Amino acid sequence: MKPLHDGPLIAAGIALGVGLGGFVDGILLHQLLQWHNMLSSWLPPTDLVTMKINMMWDGLFHVLTWTMTVLGLVLLWRAGRRLDVPWRGMTLVGGLALGAGLFNFVEGLIDHQILGIHHVHPGAHQLAWDLGFLASGLFGIGLGLALVRAARRP
Amino acid sequence: MLALLAISLVAQSSLACPDCAPGRAARAAIAADPERWLHAFAVAAPFLVVAAVVALAHRARAQEVQR
């Protein structure tokens, strides 16, 4: 009886979830809706120069989300080649949910609450939007853990 | 990642507004920002945390035996 090791597949899912979740944030909230930019609370984008400065920092953010996505693909490939890693869709989806949830919670906690470099939707009900963002992160983490555990049941 | 950063620096010279006044002003402001490393840390910090979680998950011990 060989021990199975789903950690590598979960890790791949988390990395992909972080990257893809970060892209949803960057594309939807920064670019399409333009609710905030990376440093929009420290340096409000009220003119073209400050917008360009924020855009550069948004670019760095996307470099990091892209890097996490590539890391996730590499980890997924390597996990797929291992005989001791059970190839289960539920495990991967659980990892994705974990990663996306983790990104929302950690980024929300560090960037919105602790450092205050930007908020989800500045202005009226700012705190409610930020707390909702944190809650979405906790939901993703809970869903991910539930899926990973369910995948392990015989 | 370093290649992307390098390409972004080079690409600035070939964009539609490489030398317009707002572009120059923005680049000068970023270069002169005394807190640019704090800003970079603020952007990167969440990714450092999740990268640690990825590493921990990858090294998690075997949870079950083959069915």
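Modeller: Chain A has an accessible surface of about 7300 Å² (Shrake-Rupley method, 1.4 Å probe; for residues, only the protein chains shown count as cover), and 72% of that surface belongs to carbon and sulfur atoms. This is a predicted model, in which local features need pLDDT of at least 70 and side-chain atom pairs count only at pLDDT 80 or more, while totals for chains, interfaces and linings use all residues. Residues are numbered from 1 along each chain as its sequence is written, chains are lettered from A and ligands numbered from 1 in the order in which they are written, and side-chain values use heavy atoms, with hydrogens and water left out.

Along the sequence they follow the pattern β-α-α-α-α. The C-alpha atoms of chain A fill a box of roughly 65 × 30 × 25 Å along the principal axes. Of its 154 residues, 50% count as buried (under 20% relative accessible area; exposed is over 50%, partly exposed in between; 1.4 Å probe, protein chains only).

Now to the side you asked about. Here 46 residues of chain A are in contact (heavy atoms within 4.5 Å) with 35 residues of chain B. The two chains bury about 3500 Å² between them (accessible area, 1.4 Å probe, lost on being put together and summed over both), 80% of it on carbon and sulfur atoms. In chain A, the residues that lose the most area to chain B are A:Leu4, A:Trp57 and A:Leu64, together 15% of what that side buries.

Strand S1 (3–4) and helices H1 (7–32), H2 (48–80), H3 (89–114) and H4 (126–152) of chain A each give two or more residues to this side. H2(A) gives the most, with 15 residues. By type, the side divides into 33 nonpolar (Ala, Val, Leu, Ile, Met, Phe, Trp, Tyr, Cys and Pro), 9 charged (Asp, Glu, Lys and Arg) and 4 polar residues (the others, Gly among them).

Within chain A, A:Arg152 and A:Asp6 do meet in a salt bridge, at 2.6 Å from N to O. That pair links helix H4 with the loop between S1 and H1, 146 residues apart. A:Asp6 is buried at 1% relative accessibility, whereas A:Arg152 is partly exposed at 25%.

Notes: Helix = DSSP H or I, 4+ residues; strand = E, 2+ residues; numbered from the N terminus. Salt bridge = Lys/Arg side-chain N within 4 Å of Asp/Glu carboxyl O.
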